[in-house]
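The sequence and structure come next.

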Amino acid sequence: MAYHKMAFRAGESIAYDKIILGEGAVYSTDSRVTQLNNNVLVCGGSGCGKTMSLSEPKLLCTKNASLVLTLSKRKLVKTYRKLFQKRNYHVLDMNFVSPEDSQASYDPLQYVKGWMDVTYLSQAIVMADPHKKDAKVDPYWDNSSISLLSALISYVMMTEKNGTMADVVELFHSLRLQGGDALVATSLDDKFEEIRKADPHCFAISCWDSFRQTPIRTAGCIFSTLNTAVDTIFTPSLCQMIRHAQKVDFRKLSQEKTILFITTSPVNPSLNAFANIFYGQMFKELFEIGEQNEDGRLERPVHVLCDDFACGAKIVNFAEYISVFREKGISVMMMLQSESQLKSIYGEDDAKTIINNADTYIYLGGIDLDTAKSVSQRLNKPLEDVLSMPIGREYIFRRGQKPIVTERYQIQGDREYQELMGYRQEQQEMTYGFCGKGGKD
């Protein structure tokens with residue numbers, strides 16, 4: 001399939017990649033030609049082959065756009081790193097499971113440009129726990145924690161030339177509460193008094209005074225709420241990664257061929273929480289970068305592939321962001337086990353918005369009844385036919401087209417994949433002295 005091209009601001013042209021969704025289902029990602037957004041929602045039970053039939057073909061076909069990939073299998077990083085280096089990509093590896101092994105880092109403070117950004121970041125951190133939406137707790141404690149964290153972030157920004165989120169965490173850990181039944185006194189009062197002298201009406205002082213004017217017991221509860229959020233997300237090794245020299249640059253991501261591997265854990269939700277804070281800030285930043293360009297679009301398309309999209313924490317404002325992705329040149333492929341999983345994290349209304357803003361929906365089978373009912377309605381077929389769908393088959397729904405019934409893409413038969421895996425096998429034989437025919441990797 002020929003690639004469609006668009007004018008590139010530097011006087012060159014940039015080709016649009018193709019996307020493989022199944023056997024015989026290959027499409028252009030040029031939304032100006034297809035008139036569709038490139039958002040893809042994939043539903044399939046655990047072990048249904050989402051990685052080999054969709055994620056890896058996406059990697060093979062990405063030759064021009066920037067790609068951000070969340071995964072829990074380090075094997076993919078090892079397999080595809082050299083391929084993207086050969087394609088002249090900047091290869092960034094951010095490992096949240098083993099932060100000390102990361103070759104790139106992300107500091108949330110790097111993209112805080114004003115007080116609204118401070119509040120946005122504080123809210124994302126405090127509300128990162130996905131169970132908060134189900135907890136019957138007075139929102140006062142979360143709102144007060146957001147205000148306290150905003151004060152600490154603002155203080156670091158005002159007093160540190162190159163302050164990082166690790167400095168904010170360190171400042172928080174130095175906070176000690178003092179006092180009896182009267183209003184709280186703290187170990188940081190002197191620090192905030194110094195900036196009050198310079199600007200008594202600044203945002204940091206406003207947030208700090210809200211905390212300081214509470215009784216000691218109330219302040220203790222606010223402190224405890226924030227402490228849980230901070231300690232759950234910002235482990236010592238993660239703080240060390242934040243101080244790493246090579247930071248992810250979202251502007252470069254939108255201009256130069258870049259692939260960013262983000263490794264998370266399927267069993268540690270706190271890592272997913274930080275990854276989703278990253279995504280929320282990245283989408284916000286990319287939107288603003290696109291707005292600065294004459295046509296309102298990013299210079300280079302940015303595709304995002306989220307494995308286990310609805311695991312862990314929600315991305316703040318994602319339901320709003322996905323509705324404007326197409327006009328900015330952003331797209332996302334969301335891997336889910338079921339629609340129910342999406343609703344459990346984002347709620348009924350936001351989940352519906354997310355689903356409705358994916359012009360491509362792929363069903364790989366599963367036993368979730370709600371998802372099967374949704375697919376049954378889309379196909380206009382009996383529910384039992386959907387539930388008994390043969391393994392290996394898939395349904396593809398594209399807006400404006402009739403549903404496609406096909407087989408999952410067999411990547412083992414892909415020539416480029418065979419060359420890639422053959423190259424890896426040769427390297428293993430040279431390194432470990434393997435002889436004879438190698439088995440499957």
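## Helix α7

The model is a predicted one. Helix α7 spans residues 189-198, and its buried residues are D189, F192 and I195. Viewed along the axis of α7, these buried residues lie within an arc of 130 degrees, so they line one face of the helix. In general, residues three or four places apart in an α-helix point the same way, because there are 3.6 residues a turn.

The cover over the buried residues of α7 includes α5 (139-159), β9 (185-186) and α8 (203-212).

In soluble globular proteins, nonpolar side chains tend to be buried together. Here the largest nonpolar core contains 104 residues, and F234, F278 and F318 have the most contacts inside it. Helix α12 (residues 269-292) supplies the largest share of this core, with eleven residues.

Which residues does F278 contact, leaving aside neighbours within four places in sequence? They are V68, M94, Y106, V248, F250, L260 and I262.

## Packing of α15 and α16

Helix α15 (residues 339-356) packs with helix α16 (residues 369-379) at an angle of about 35 degrees, and the two axes are 12 Å apart. From α15, residues E339, S340 and I355 meet D370, T371, S374 and R378 of α16. Sorted by class, this contact has three charged, three polar and one nonpolar residue.

Technical notes
Residues are numbered from 1 along each chain as its sequence is written. This is a predicted model: local features need pLDDT of at least 70, side-chain atom pairs count only at pLDDT 80 or more; totals for chains, interfaces and linings use all residues. Side-chain values use heavy atoms; hydrogens and water are left out. Axes are lines fitted to C-alpha atoms, for helices over the stretch in contact, and angles run from 0 to 180 degrees between N-to-C directions. Helices (H or I, at least four residues) and strands (E, at least two) are DSSP runs, numbered from the N terminus. Contact means heavy atoms within 4.5 Å. Ala, Val, Leu, Ile, Met, Phe, Trp, Tyr, Cys and Pro count as nonpolar, Asp, Glu, Lys and Arg as charged, and the others, Gly among them, as polar. Buried means under 20% relative accessible area, exposed over 50%, partly exposed in between (1.4 Å probe, protein chains only). The arc is that of the directions from the helix axis to the C-beta atoms. A nonpolar core is a set of buried Ala, Val, Leu, Ile, Met, Phe, Trp, Tyr and Cys residues joined through side-chain atoms within 4.5 Å.
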